[in-house]
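This report is meant for someone who is looking at the structure for the first time.

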Amino acid sequence: MRSIWNGSLAFGLVSIPVKLMSATENRAVSFRQIHTADGGRVRYRKVCELEDEEVAAADTVRGYEMPDGTVVTVTDEDLASLPLRTTKTIEVVAVLPADRIDPLQMDAAYYLAVNGADAAKPYVLLREALQRTGNVALTKFALRGRERLAMLRVVGEVLCLHALLWPDEIRSTDHVAPEGRVTVKDAELDLADALMDTLGEIDPDSVHDEYRTALDELITAKLAGELPASSRPQEPAGADVIDLAAILERSVEAARKKPGATPRKASAKKSTGPAAKKTTGPAAKGASGPAAKKAAKKAPKKETKTAAKTAAKAKKGTATAAKTGAATGKKSAAPRKRSA
């Protein structure tokens with residue numbers, strides 16, 4: 001990988017010579033602008049508005065336009081003369097837990113490599129110190145004409161620098177959330193929980209750029225003089241907010257049939273599907289719970305005892321009648337006692 005910045009990483013009085021290189025790359029398909037009439041390439045050239053002529057890059061300079069239209073020129077020499085330590089130094093300003101960094105601030109990522117054999121030991125020392133504490137370092141550095149905030153963390157055996165947006169570059173959330181009061185029913189929340197549990201987990205490495213794959217196939221087919229059959233997916237229908245529960249139920253069923261995802265274990269405190277939803281009403285609550293279970297267990301025992309007592313009384317009555325009949329020599333059918 002080619003380095004895009006050389007300098008040092010300052011950690012207190014420790015200075016570590018490092019090289020900065022991009023940790024990511026753009027894999028998107030790149031297009032050129034082509035003139036429809038003759039197929040010629042359309043290029044973008046820098047043209048001076050006053051002379052209407054093309055200007056070479058060496059003949060240009062940065063300019064900052066004031067509100068009144070006045071333009072102030074800024075040269076490379078002007079930028080190099082700025083009294084900033086971060087021009088050639090990545091300065092560690094604090095060490096803090098990673099959750100203190102707002103993900104909204106995350107920007108481009110860079111790898112830091114040692115620049116020379118002498119830098120290896122302090123590099124590893126800082127890496128191991130961050131690894132042992134589980135913290136990240138908040139740093140500042142200058143790149144491409146501006147000072148930037150950055151987070152330094154450990155990735156494998158490498159120090160990784162994540163450029164951060166400054167807090168005042170994060171837009172406010174005002175007027176973004178839905179206006180007015182929106183009520184969500186418990187049953188709808190239960191179905192949403194069930195859907196999330198059903199969707200489960202997936203290995204991020206198994207997710208691919210399907211658009212780029214389809215685009216590659218299209219370009220290959222056109223090179224061969226073929227045109228692949230159109231297989232444009234059907235536009236998903238908009239959810240009916242009036243019957244949100246039914247939409248969620250269908251989503252749960254569709255997610256259960258989808259291959260590849262590993263369902264998560266649902267929490268015992270949450271209902272996990274339409275069946276659970278049906279048992280959350282007032283009637284179901286009255287027929288469930290510890291008291292109902294206890295009563296259900298006792299009911300069969302009570303009925304068994306009552307039946308046993310009735311049978312014992314009946315047997316006793318029969319035996320008495322038999323003795324009376326034998327003594328008198330008469331066939332008597334003494335009435336049996338009935339239990340109340």
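A residue is called buried when its relative accessible area is under 20%, exposed when that area is over 50%, and partly exposed in between, with a 1.4 Å probe and protein chains only. By that rule, 19% of the 340 residues of the protein chain count as buried. The model is a predicted one, in which local features need pLDDT of at least 70 and side-chain atom pairs count only at pLDDT 80 or more, while totals for chains, interfaces and linings use all residues. Residues are numbered from 1 along each chain as its sequence is written, and side-chain values use heavy atoms, with hydrogens and water left out.

**The chain as a whole**

The protein chain holds eight helices and nine strands, where helices (H or I, at least four residues) and strands (E, at least two) are DSSP runs numbered from the N terminus. Its accessible surface comes to about 27,000 Å², and 55% of this belongs to carbon and sulfur atoms; such areas come from the Shrake-Rupley method with a 1.4 Å probe, and for residues only the protein chains shown count as cover. Contact means heavy atoms within 4.5 Å, and among the contacts in the protein chain with a separation of 6 or more, 61% are between residues 24 or more positions apart.

Together with Phe-11 and Val-14, Val-95 makes a nonpolar surface patch of about 220 Å². Patches are made of residues with over 30% relative accessible area and no salt bridge, like charges being joined within 9 Å and nonpolar side chains (Val, Leu, Ile, Met, Phe, Trp, Tyr) within 5 Å.

**The largest nonpolar core**

A nonpolar core is a set of buried Ala, Val, Leu, Ile, Met, Phe, Trp, Tyr and Cys residues joined through side-chain atoms within 4.5 Å. The largest one has 22 residues, of which Leu-9, Leu-112, Leu-152 and Leu-159 touch the most other members. At least two residues of this core come from each of S1, strand S2 (14-22), S5, strand S6 (106-114), helix H2 (120-133), S7, S8 and S9. When neighbours within four places in sequence are set aside, the contacts of Leu-159 include Leu-9, Tyr-110, Leu-112, Tyr-123 and Leu-152.

**Salt bridges**

Side chains of opposite charge can pair when their charged atoms come close. A salt bridge here is a side-chain nitrogen of Lys or Arg within 4 Å of a carboxyl oxygen of Asp or Glu, and the structure holds five of them, including those in the table.

| Salt bridge | N to O distance |
|---|---|
| Arg-45 and Glu-54 | 3.3 Å |
| Arg-62 and Asp-76 | 2.5 Å |
| Arg-146 and Glu-169 | 3.2 Å |

Arg-62 lies in strand S3 (residues 62-65) and Asp-76 in helix H1 (residues 76-80), so this pair ties together parts that are 14 residues apart in sequence. Arg-62 is partly exposed at 44% relative accessible area, and Asp-76 is partly exposed at 49%. By contrast, Arg-45 and Glu-54 are both exposed.

**Two loop residues with positive phi**

Most residues other than glycine have a negative phi. Asp-52, in the loop between S2 and S3, has a positive phi near 55 degrees and is exposed, with a relative accessible area of 64%. His-175, in the loop between S9 and H3, likewise has a positive phi, of about 65 degrees, and is exposed, with a relative accessible area of 79%.
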